[in-house]
Amino acid sequence: MGEGSELDALRRGDEAAFVDLIQRLHGPMLRLAMAYVADHHVAEDVVQEAWLTAIRSLDRFEGRSSFKTWISGIVINHARSRRRKESRFLTFTSLLRGDEADRRGPTVDPSRFGRDGAWRELPTTWQNIPEDRLIGAETLDRIRSAIQDLPPKHREVIVLRDVAQLDAAAVGDLLGISAENQRVRLHRARAAVRKSLEEYLA
Amino acid sequence: MRCRDVVELMTDYLEGALSARDRERFEEHIAGCDGCRAYLEQLRLTLKAVSRLADEAIPEPVQAQLTEAFRTWTSTAR
Ligand SMILES: [Zn+2]
């Protein structure tokens, strides 16, 4: 269903269209909420609140962004305010982490390259790893914890782009960051998750 | 281009953010370098696996509650 007709269906009160939408977007929105609040139950709560807000605001949604971008923005708002309420529980280290967000420097351990800048030992191919291992439950757990370990500003970018599958322009608007800044954060986030998978799959 | 630099351009490459000239040099390097080709493939497979984090079903009670809220909105809001 196209964007416009989706919104029209909701405004007509088409319940099947609504159920289809919340089923499709639950997973992405839950991961998005968890980019801000680590607790699964709190994240479930945040997503539910966001949907209730969305329902109340359906008449005001102007369709300038995609529906998914719009609901993502609502989830982010709810999740951030929930995180602020719970911020007294934040540890000192997690507060320090904010500064790491835009630090440059290599994403691959420099010792993997020789003095000429070429690989000392080639990365192994993952082509032969069976699908049920590559996307198996344990691997996904590993990825989830790798993402939780990222600085928050990297985490929100990788979840919006690679889990919720929003495009770069939408994410730039939602987070208010430049395209270049977004690419830097995305690059560091993806590289960190790859590294964690490499260690796990080895 | 050296492997050490090529790995840092992977996201810009995947995002289509390299200049035409850099893109050409990048692709030339990849074509001739097993290590960087394997690394790029690892990144692509990482992204594929990451996208699967979205596969989480909505709990039945949540779906029921939201559907009820939608029904209420439909019947009263306008
Ligand atoms: Zn190379």
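The model is predicted. Chain B holds the zinc ligands C3(B), H29(B), C33(B) and C36(B). Chain B also meets chain A, with 45 residues of chain B in contact with 60 residues of chain A.

**The zinc site**
- The zinc ion is coordinated by SG of C3(B), NE2 of H29(B), SG of C33(B) and SG of C36(B), at 2.0 to 2.3 Å.
- The donor atoms subtend angles of 102 to 112 degrees, so the arrangement is tetrahedral.
- For comparison, the ideal angle for four tetrahedral donors is 109.5 degrees.
- Along the chain, the donors follow the spacing C-x25-H-x3-C-x2-C.
- C3(B) sits in helix α1 (residues 3-6) and H29(B) in helix α3 (residues 20-32) of chain B, so the pair ties together parts 26 residues apart in sequence.
- Both C3(B) and H29(B) are buried.

**The interface of chains A and B**
- The buried area is about 4,800 Å², and carbon and sulfur atoms give 64% of that area.
- On the chain B side, Q42(B), L53(B) and F70(B) lose the most area to chain A.
- There are five salt bridges between the chains.
- R71(B) forms a salt bridge with E15(A), with the closest N and O atoms 2.8 Å apart.
- Helix α4(B) gives the most to the side that touches chain A, with 15 residues.

**D162(A), a buried residue**
- D162(A) lies in helix α8 (residues 152-163) of chain A.
- Its relative accessible area is 6%, so D162(A) counts as buried.
- D162(A) touches residues of both chains, including R190(A) and L47(B).
- D162(A) and P28(A) are 134 residues apart in sequence, yet 9.6 Å apart in space, C-alpha to C-alpha.

Key:
Residues are numbered from 1 along each chain as its sequence is written. Chains are lettered from A and ligands numbered from 1 in the order in which they are written. This is a predicted model: local features need pLDDT of at least 70, side-chain atom pairs count only at pLDDT 80 or more; totals for chains, interfaces and linings use all residues. Side-chain values use heavy atoms; hydrogens and water are left out. Helices (H or I, at least four residues) and strands (E, at least two) are DSSP runs, numbered from the N terminus. Buried means under 20% relative accessible area, exposed over 50%, partly exposed in between (1.4 Å probe, protein chains only). Contact means heavy atoms within 4.5 Å. Donors are N, O and S atoms within 2.8 Å of the metal (3.2 Å for Na, K and Ca); water is not among the atoms, so sites may look incomplete. Four donors count as tetrahedral if all angles lie between 85 and 135 degrees; four count as square planar and six as octahedral if opposite donors are over 155 degrees apart and all others between 65 and 115; anything else is irregular. Buried area is the accessible area (1.4 Å probe) that two parts lose on being put together, summed over both. A salt bridge is a side-chain nitrogen of Lys or Arg within 4 Å of a carboxyl oxygen of Asp or Glu. Lists of a residue's contacts leave out its neighbours within four places in sequence.
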